[in-house]
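Hi,

Here is the structure I said I would pass on. Have a look at it first, and then read my notes below.

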Amino acid sequence: MDVDTTVEAIRSMEIRGAGRIARAGASALADYASKYEGDDPKEFMIGLMDAKSKILDSRPTAVSLWNGVHATLRGVENCGSVTDAKELIISNADRFNKGSLEAVRSIGEIGAKRIQDGDVILTHCNSSAALSVIKTAHRQGKKFRVYATESRPWRQGILTVNELAKEGIDITLIIDSAVRSVMKSVTKVFVGADTITSHGTLVNKIGTSQLALAANEARVQFYVCSETYKFSPMTLFGDMVTIEERDHDEVAKRDILEPSVKIFNPVFDSTPSKYIDGIITEVGLISPGSVYHVMTRQLGDDIFKLIGD
Ligand code: RI2
């Protein structure tokens, strides 16, 4: 898929989910590189930087997209020719995408160990990382049931319940406002992540913080399933995470409302680290306080080169 088509598909949520948009961004850059037919390095780089900024502008919150794009472009400035740059971008994108899918699988293996017979699980929205945990535990023969929130306004919960039902998992759909009501019988919560800050705050689908509060009140374990490329390097340098606000029509059509009614449609919210019992990543189950160490260890000195880019 080319850059413009990818950008439009991400904006319109045809491609959604923090991991998927990161892989789509990486693939779009590889598409630009593979289709470039000239041999002018300057022209190639101008087109590449234009593609990069369009992709990064497509959705503002999930840092996975930023990390996917930067992983794909890593080292391109040192290439001596267009041919070298094209090869590097294509192989970086392939490595990022394969690593991303492998991370989701590893998270499933690690997280499944936290599920036991008799558990009642609650999940929110549609996270491939969280569902990897649930599906892996089911494939291991564990007996448990799952509640999934509808996740207004896009109702990604419908994707979740159908995906889990096809696996043969005992799954119940609830509306978002039923979370506290079912929490009495829930034993564990597994959610995904769009961004995790350097101090362990989770930014995920709107409503996640309500699940965390209700879980905390009921003494229910709250786990975040997140690939490490959802850790945000810029938050280490003090940057705030931008919370995307989407079209008002997603909440309610104007024709059913009095003209003076305002609509506010934030897509994500923040859950402080104190509500998180563990973050299940491809490098292990870590505490929110370990995000800084994992992020700096993985990025090394690159972290300083990346920031401000
Ligand atoms: P995976 C989604 O955002 C949800 O917030 C979900 O929890 C998160 O991305 C992570 O999804 P959206 O794109 O990467 O639906 O685990 O707005 O699939």
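Val 120 stands opposite Arg 145 in E2, and that is a handy place to start. The two strands concerned are E1 (residues 120–123) and E2 (residues 145–149), which run parallel and are joined by 4 bridges. Before you go further, bear in mind that this is a predicted model.

E1 and E2 belong to an open sheet of 7 strands, ordered E3-E2-E1-E4-E7-E9-E10, with mixed pairing. At the edges you'll find E3 (170–174) and E10 (284–286), each of which pairs on one side only. On average, neighbouring strands of this sheet are turned by 25° against each other, if you ignore direction. Helix H5 (residues 82–112) packs on the sheet and touches E4, E7, E9 and E10. The direction of H5 makes about 135° with that of E9. As a quick reminder, strands of a sheet pair through backbone hydrogen bonds, either parallel or antiparallel.

Now for E7, with E4 and E9 on either side of it in the strand order. E4 (residues 188–191) pairs with E7 in the parallel sense over 4 bridges, and here Lys 188 stands opposite Gln 221 in E7. E9 (residues 278–281) also runs parallel to E7, and 3 bridges join the two. In that pair, Tyr 223 stands opposite Gly 278 in E9.

Why is E7 described as largely enclosed by the rest of the structure? Buried means under 20% relative accessible area. In E7 (residues 221–225), 4 of the 5 residues are buried, so the strand is largely enclosed by the rest of the structure.

The other thing to look at is the inside. How many cavities of 30 Å³ or more does the structure hold? There is 1, and the volume of the largest cavity is about 200 Å³. It is lined by 22 residues, and the closest to its centre are Arg 16, Gly 17, Ala 18, Asn 126 and Asp 194. The elements that give two or more residues to this lining are helix H2 (18–35), helix H6 (128–139) and strand E6 (202–205). H2 gives the most, with 4 residues. By type, the lining divides into 7 nonpolar, 9 polar and 6 charged residues.

Cheers

Definitions and conventions: Residues are numbered from 1 along each chain as its sequence is written. This is a predicted model: local features need pLDDT of at least 70, side-chain atom pairs count only at pLDDT 80 or more; totals for chains, interfaces and linings use all residues. Side-chain values use heavy atoms; hydrogens and water are left out. Buried means under 20% relative accessible area, exposed over 50%, partly exposed in between (1.4 Å probe, protein chains only). Two strands pair if DSSP finds at least two bridges between them. On a 1 Å grid over the protein atoms alone, a cavity is a set of points where a 1.4 Å probe fits but cannot get out, and a pocket is an open set with protein on both sides within 12 Å along at least five of seven lines; lining residues have an atom within 4 Å of a point. Grid points are joined across faces, edges and corners, and a volume is the space filled by probe spheres set on the points. Ala, Val, Leu, Ile, Met, Phe, Trp, Tyr, Cys and Pro count as nonpolar, Asp, Glu, Lys and Arg as charged, and the others, Gly among them, as polar. Axes are lines fitted to C-alpha atoms, for helices over the stretch in contact, and angles run from 0 to 180 degrees between N-to-C directions. Contact means heavy atoms within 4.5 Å.
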